[in-house]
Amino acid sequence: LVDREGVRVEAGTMDGGGGGMLIEFLFAIAKALGLIGFGFLARSFGYTTPQVGAGLSEFVGKIAVPCALFRSLSTLPIFPGQDGVAVELNVLMCGFMGKFVLFFTAVLLGVLLRKSLATCAVFGLVCSLSNDAALGLPILNTTHPKVGTSLVFLMTLPCCSLLLPIGLAMCEMSKKSKGRAKEGFFSVLGVTLSRVLKQPLIVSVGLAVAYNFSTDGAKLPRVVDQCLESVMGSLVVAALFSLGSSLVNTNLSLDSMLTPLVLVILKLAGPGLVCRYSAAPLFGFDSSSSLEMLSLYSALPAAPIVWAIAREQKADSDTIGAAVVIGTLLCGPAMVLENDGFRQEAQQLALKLFQQAQDYSGVHIEF
């Protein structure tokens, strides 16, 4: 999707140069849903065992995602003076504020529903961590070449260095509060912080930032880069296949689907609204193109890694898995509404299909 500098030069622009943005977008969503469906069918017909899905989710959370983060952030221009495509700071601050607000809004929702601290944490993560690998990069590459790719990677940095540690710390605090009820607060806090800092996701971000700063964003050695690229190639397939496999024999009922739906609505609509009506006036910019890009990025569904975290932490993984799948299904209409190019192509496609139906039936309707 991108070259080594994170740029897809041949992609079309929002002004109509792409000629197929909607098709690219629908193809990316169909691919994600297809992988989820393959995992579900393979598990349903007994071709795979529960251990396969558990192993794949562990591989995604502990190997594939950390490798992807390190490879992406180690060479991205994130420090002043580095060459490369940059995103304005106020745009990044606006986007992160939307995620920050939604994280704690979802945590509050979990508290109101009397969920455990770990479940409240994954509620926050499912509303703040987006499916950048499978959907974010191909979609924003098509609609906003160069800048869109940088936005995806740069937004990953604060999310993985701040929101993710907060969520993991809450999960660890939940476990320690149950297993160490007689120990003091600072003892539990110390053990929690040490475990969070050892998490592969946190370690990979720290190593990537250190490498980037010490080498001024130099390219990785070729052998290392190719090894990481090979691991990254399996990330999307493993994450979505294992998610589909986990949906077999879930404990969700029709009544319990309300919570995933609320989480999906918060994830798809919340950050964009915060960006437009709170963050943008606060940080002083009114660029319609930047606001549309942020809204489009905010409408991405939740990342499958959140489901892997929920499963590892035993924090209502059925609800999180349902939220990820429902969000992937509903992100299409949400993104079409957020993007002028998508809306125009959707109207043209609908008109073309209507005209073909008239030609086929021989009935013509004048408007």
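Biologist: How many helices and strands are there in the protein?
Modeller: There are 15 helices and zero strands. Helices (H or I, at least four residues) and strands (E, at least two) are DSSP runs, numbered from the N terminus. This is a predicted model, where local features need pLDDT of at least 70, side-chain atom pairs count only at pLDDT 80 or more, and totals for chains, interfaces and linings use all residues. Residues are numbered from 1 along each chain as its sequence is written, and side-chain values use heavy atoms, with hydrogens and water left out.

Biologist: What share of the residues count as buried?
Modeller: Of the 367 residues, 50% count as buried. Buried means under 20% relative accessible area, exposed means over 50%, and partly exposed is in between (1.4 Å probe, protein chains only).

Biologist: What about contacts, how much do residues 24 or more positions apart account for?
Modeller: They account for 83% of the contacts with a separation of 6 or more. Contact means heavy atoms within 4.5 Å.

Biologist: Switching to helix 3, how far does it reach?
Modeller: Helix 3 covers residues 89–112, which is 24 residues, and reaches 35 Å from its first C-alpha to its last. That is close to the 34 Å expected at 1.5 Å a residue. The expected span is 1.5 Å times one less than the number of residues in the helix.

Biologist: What comes just after helix 3?
Modeller: R114, which takes a positive phi of about 60°. Most residues other than glycine have a negative phi.

Biologist: How many salt bridges does the count come to?
Modeller: Three. A salt bridge is a side-chain nitrogen of Lys or Arg within 4 Å of a carboxyl oxygen of Asp or Glu.

Biologist: Which side chain does K62 meet?
Modeller: K62 meets E58, at 3.3 Å from N to O. The two are four residues apart in helix 2 (residues 50–73), so they are separated by about one helical turn. An α-helix has 3.6 residues a turn, so residues three or four places apart point the same way.

Biologist: Is K62 buried or partly exposed?
Modeller: K62 is partly exposed, with a relative accessible area of 39%. E58 is also partly exposed, at 45%.

Biologist: Which residue does R71 pair with?
Modeller: R71 pairs with D225 in a salt bridge of 2.9 Å, N to O. R71 lies in helix 2 and D225 in helix 9 (residues 222–233), so the pair ties together parts that are 154 residues apart in sequence. Both R71 and D225 are buried.

Biologist: And where does K115 come in?
Modeller: The side chain of K115 meets that of D316 in a salt bridge (3.7 Å, N to O). K115 is in the loop between helix 3 and helix 4 (117–126), while D316 is in the loop between helix 13 and helix 14 (317–338), so this pair ties together parts that are 201 residues apart in sequence. K115 is partly exposed at 34% relative accessible area, and D316 is partly exposed at 26%.

Biologist: What is phi for D316?
Modeller: Near 55°, a positive value in a residue other than glycine. K314 also has a positive phi, of about 55°, although K314 is not a glycine. K314 lies in the loop between helix 13 and helix 14 and counts as exposed, at 73% relative accessibility.

Biologist: Why is helix 13 described as largely enclosed?
Modeller: Eight of the ten residues of helix 13 (residues 304–313) are buried, so the rest of the structure largely encloses it. The buried ones include W307, I309 and Q313.

Biologist: One more, where is N141 found?
Modeller: N141 is in helix 5 (residues 132–143) and counts as buried, at 0% relative accessibility. Its C-alpha is separated by 9.6 Å from that of V152, eleven residues apart along the chain.
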